Amino acid sequence: MIPHFTDHAANERTYLAWVRTAIAVMAFGFLLERFDLFLAFALASSPHTALHVNTRATELLGLGLILVGAWMTWLATLRYHRNKRQIADEDNHSYSGTGPQRALSWLVVVIGIFLVGYVARQLVVISL
């Protein structure tokens, strides 16, 4: 029998959830970076629509999301190993793991606000 097996299993499930989330963030960043290429092609094929696409902003945002996903994976790995050591240790430890999660949450909120503004601006430019 493995001591504290349920705690170790919960730690591993949490780690894997963070890794899946990081992969989704990186995939969204890649999709966002490539979306302007699709949008530029779609607008260029339409004879009645002028091409007004700012590809630089979405390329940078896409790259930023890919980097955030990599950062999330790194932080999740550090946290997993720290929790693994603390579970194996018999001493009581205080919980102090909210800093990186709070920073990542705020970063996702800021990126979401940027995306709403960017898409709204593109819709206004396209409709003109």
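Colleague: Which residues make the nonpolar surface patch of about 330 Å²?

Modeller: Trp 71, Trp 74 and Leu 78 make that patch. Bear in mind that this is a predicted model.

Colleague: What about the inside? Which residues make up the largest nonpolar core?

Modeller: Eleven residues make up that core. Among them are Ala 22, Val 25 and Leu 32, then Leu 61, Leu 65, Val 68, Met 72 and Leu 75, and also Leu 104, Ile 111 and Leu 115. Helices α1, α2 and α3 each supply at least two residues of this core.

Colleague: Which helix gives the largest share?

Modeller: That is α2, with five residues. As a general point, nonpolar side chains tend to be buried together in soluble globular proteins.

Colleague: How far apart are the C-alpha atoms of Val 108 and Val 68?

Modeller: They are separated by 9.1 Å. Along the chain, the two residues are 40 residues apart.

Colleague: Changing topic: Asn 11. Buried or exposed?

Modeller: Asn 11 has 8% relative accessibility, so Asn 11 counts as buried. Asn 11 sits in helix α1.

Colleague: What is Asn 11 in contact with, leaving aside its neighbours within four places in sequence?

Modeller: Its contacts are Tyr 80, Asn 83, Lys 84 and Ile 87.

Colleague: And His 4, what is its phi?

Modeller: Phi of His 4 is near 60 degrees, which is positive, and His 4 is not a glycine. In general, most residues other than glycine have a negative phi.

Colleague: Where is His 4 found?

Modeller: His 4 is in the segment before α1, the helix of residues 5–45. Its relative accessibility is 33%, so His 4 counts as partly exposed.

Colleague: Last one, on confidence. What is the mean pLDDT of the protein chain?

Modeller: The mean is 78, and 74% of the residues reach 70 or more.

Colleague: Which elements have the lowest and highest mean pLDDT?

Modeller: Helix α3, residues 99–127, has the lowest, at 74. Helix α2, residues 55–88, has the highest, at 86.

Key:
Residues are numbered from 1 along each chain as its sequence is written. This is a predicted model: local features need pLDDT of at least 70, side-chain atom pairs count only at pLDDT 80 or more; totals for chains, interfaces and linings use all residues. Side-chain values use heavy atoms; hydrogens and water are left out. Helices (H or I, at least four residues) and strands (E, at least two) are DSSP runs, numbered from the N terminus. Buried means under 20% relative accessible area, exposed over 50%, partly exposed in between (1.4 Å probe, protein chains only). pLDDT is the predictor's confidence in each residue, from 0 to 100. Contact means heavy atoms within 4.5 Å. A nonpolar core is a set of buried Ala, Val, Leu, Ile, Met, Phe, Trp, Tyr and Cys residues joined through side-chain atoms within 4.5 Å. Patches are made of residues with over 30% relative accessible area and no salt bridge: like charges are joined within 9 Å, nonpolar side chains (Val, Leu, Ile, Met, Phe, Trp, Tyr) within 5 Å. Accessible areas come from the Shrake-Rupley method with a 1.4 Å probe; for residues, only the protein chains shown count as cover. A salt bridge is a side-chain nitrogen of Lys or Arg within 4 Å of a carboxyl oxygen of Asp or Glu.
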